[in-house]
Amino acid sequence: MTQPIKISMRVPGTSPMPEILDMIRRIEAAGFDGAGILDSQMICRDTFVTLGLAAGATSRLQLFPAVTNPFGRIPSVMAGAAQTVAELAPGRTRVIVGTGYTSASTIGRRPATLRQMRRCITEVKALLAGETVDYGVMSNRLDFTDGPRVPVLMAASGPRSLELAGEVADGVLALVGYTPGIVEKALGHMETGAKRGGRSLDDLDIMFAVRTCVADSDEEARRLARPVSVHWGLMWGGPNWLPSSGFEIPSYQIPQAVYDVYPDLGHAPNWEEAIELTRFVSDDVNGQLCDAMGLIGTPEHCTERIREMARHGVNQLYLMPCLTFAPPEAEVAAFGDQILPALAAR
């Protein structure tokens, strides 16, 4: 028997704060289990301010930054901010730490290294547990760590990062794709890391991040998802995982104009223009990329894919709508009105 499916929605902080809070209330009312607040300091409103206000605007949603990073907030600042939110939403706060993708690119620096990630997660976990941490010639701890412990997860998209997450974090937000073969391979890397840390997969809180686009037809959803599918499949994480997907994706010569999109193709500000730039990939291949990376299609298609993947052990999803910096209006409506009720009915 499969476990109940928990589904969280990504919320970009690109709208005015009243609109963001209204969206978070709607996400809770639609029946979602959690909301992740995007952390990209040049593009979004402050994540932890948003989380604090969201704590007061909701009653049951799990709330977390999705994802914060070690250079935007040093570990002691991150831990203090997370513990503050936890006082407002006890038992429903997490921290998810990643390398800082657009947070880095928009200020002209590289994302955090795995060594920096190890240090950050270890330090934040210790501080949130009320432990003392060494800082050069002195040691210190947070003075306010009463209440339920705040879990610290690591966002990971490559084999080495999955292993590190399995070793040092309380759980993993895995952005790897969404097929049985990919999930099996990703879990294998997490298990390797967990064993290195003296643990097993059962000790980890595992969420799978899936790119999501819901439309009235599969064809329109796949068209809208083109910039993300091409970016992921050909330029970013896909090459690590597509060999395990069961799909055979040909090699492409990627046009320079695709590389020139700011901040990158998957976060393009002019979406229709980005769609046109991906026409060098056939509709058939794009469809395979969409099926490999996430939930792209009609509500009925997405419902059946969630059920299928639940049979393969994927019971926590974090939805990442393809329009990264736009409110997830279509997805919240589709899941609230059709997909979540259909999943609950079986």
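**Around Met-117**

Guide: Let's start with Met-117, which touches Pro-70, Val-97, Gly-98, Thr-99, Ala-112, Met-154 and Leu-164, leaving out residues up to four places away in sequence. Keep in mind that this is a predicted model. Met-117 itself sits in helix α5.

Visitor: What makes Met-117 count as buried or exposed?

Guide: Its relative accessibility is 0%. Buried means under 20%, so Met-117 counts as buried.

Visitor: How far apart are Met-117 and Ser-105 in sequence and in space?

Guide: They are 12 residues apart in sequence, and 17 Å apart in space from C-alpha to C-alpha.

**An aromatic pair**

Visitor: Why are Tyr-252 and Phe-280 called an aromatic pair, and which kind is it?

Guide: The two ring centres are 5.8 Å apart, and rings pair if their centres lie within 6.5 Å, so they qualify. As for the kind, there are 75 degrees between the planes; over 60 counts as edge-to-face, so that is the name the pair gets. The structure holds four aromatic pairs, and this is one of them.

Visitor: What does the pair tie together?

Guide: Tyr-252 lies in the loop between α10 and α11, and Phe-280 in the loop between α12 and α13, so the pair ties together parts that are 28 residues apart in sequence.

Visitor: How do you know what span to expect of α3?

Guide: Helix α3 runs over residues 75-88, which makes 14 residues.

Visitor: Which parts do the buried residues of α3 pack against?

Guide: They pack against α2, β4 and α5. Among the buried residues of α3 are Pro-75, Met-78 and Val-85.

**The largest pocket**

Visitor: What volume does the largest pocket have, and which residues are closest to its centre?

Guide: The volume is about 930 Å³. Of the 40 lining residues, Thr-99, Tyr-101, Ser-157, Leu-175 and Trp-236 are the closest to the centre. By class, the lining has 20 nonpolar, 16 polar and four charged residues.

Methods:
Residues are numbered from 1 along each chain as its sequence is written. This is a predicted model: local features need pLDDT of at least 70, side-chain atom pairs count only at pLDDT 80 or more; totals for chains, interfaces and linings use all residues. Side-chain values use heavy atoms; hydrogens and water are left out. On a 1 Å grid over the protein atoms alone, a cavity is a set of points where a 1.4 Å probe fits but cannot get out, and a pocket is an open set with protein on both sides within 12 Å along at least five of seven lines; lining residues have an atom within 4 Å of a point. Grid points are joined across faces, edges and corners, and a volume is the space filled by probe spheres set on the points. Ala, Val, Leu, Ile, Met, Phe, Trp, Tyr, Cys and Pro count as nonpolar, Asp, Glu, Lys and Arg as charged, and the others, Gly among them, as polar. Helices (H or I, at least four residues) and strands (E, at least two) are DSSP runs, numbered from the N terminus. The expected span of a helix is 1.5 Å times one less than its number of residues. Buried means under 20% relative accessible area, exposed over 50%, partly exposed in between (1.4 Å probe, protein chains only). Contact means heavy atoms within 4.5 Å. Rings of Phe, Tyr and Trp (its six-membered ring) pair if their centres lie within 6.5 Å; planes under 30 degrees apart count as stacked, over 60 as edge-to-face and the rest as tilted.
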